[in-house]
Amino acid sequence: MSAEPTNCEARLAELVELLRRSGLAEVGAVGFDGLLLEHFGSQEEAEEVLARAIDVLAASRARLFLAADGSTWLGGLSCGRFVVAARGRGRHDFVPGLLSAVLSPVSCPRCGFDVSFALVRCRRCGRPYPFLAPLCPFCGEPGVVKRCPSCGSRLLSDGRPAARRLPF
Ligand SMILES: [Zn+2]
Ligand SMILES: [Zn+2]
């Protein structure tokens, strides 16, 4: 078992802000010892998704979960005594990577910029989506190679350097 990060609250707040700003989740909540600390979407729904996430995490004894039911997804993660929960619609393949980045930040290997909760703009539909997502969650356009928002290096969605473009 890895050591608990000491900055759970700040990282969870960043994650929730990303989910709210991008429109990728309809409801998001951060709880501490089961109490709702901050949220977006309706408070009633935020309390509901938080309670469900706490139940699922306790039952599975896992740090992270993602459940999908038809067109709706629900994800949650525990970090120390904090829990984050979010619910959205549509593509959800970006959710586990984004949640994991709370515990294991992803940084640009060249300049050290933390890309964990950065947004990039989709070249097809124009909407901003998480740097760590390998494709646009809104339209499905692949976005495996991206530019570091700080130094412009070409990076893969998981933060590794992208191979040089081949000369043909
Ligand atoms: Zn798109
Ligand atoms: Zn960089």
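Analyst: The protein chain is divided into domain 1 (1-104) and domain 2 (105-168), with bounds that come from an automatic or database domain assignment. The model is predicted: local features need pLDDT of at least 70 and side-chain atom pairs count only at pLDDT 80 or more, while totals for chains, interfaces and linings use all residues. Residues are numbered from 1 along each chain as its sequence is written, and chains are lettered from A and ligands numbered from 1 in the order in which they are written.

The C-alpha centres of domain 1 and domain 2 lie 22 Å apart. Twelve residues from domain 1 and eleven residues from domain 2 take part in the contact; two residues are in contact if their C-beta atoms, placed from the backbone, lie within 7 Å. On the side of domain 1 that touches domain 2, the elements that give two or more residues are helix 1 and helix 3. Helices (H or I, at least four residues) and strands (E, at least two) are DSSP runs, numbered from the N terminus. Helix 1 supplies the largest share of this side, four residues. The residues of this side of domain 1 divide into six nonpolar, four polar and two charged. Here Ala, Val, Leu, Ile, Met, Phe, Trp, Tyr, Cys and Pro count as nonpolar, Asp, Glu, Lys and Arg as charged, and the others, Gly among them, as polar.

Within helix 1 lies Leu 18. Leu 18 counts as buried because it has 23 C-beta neighbours inside 10 Å; a residue is buried if 20 or more other C-beta atoms lie within 10 Å of its own, exposed if 12 or fewer, and partly exposed in between, with C-beta atoms placed from the backbone. Leaving aside neighbours within four places in sequence, Leu 18 is in contact with Phe 117, Leu 119 and Pro 130.

Helix 3 (residues 95-103) has Val 95, Leu 98, Leu 99, Ala 101 and Val 102 buried. These residues are on the same side of helix 3, because they cover an arc of only 150° around the axis, the arc being that of the directions from the helix axis to the C-beta atoms. Among the elements that cover these buried residues are helix 1 (8-22), strand 3 (64-69), strand 4 (72-79) and strand 7 (128-130).

As for the chain as a whole, there are three helices and nine strands. Of the 168 residues, 35% count as buried.
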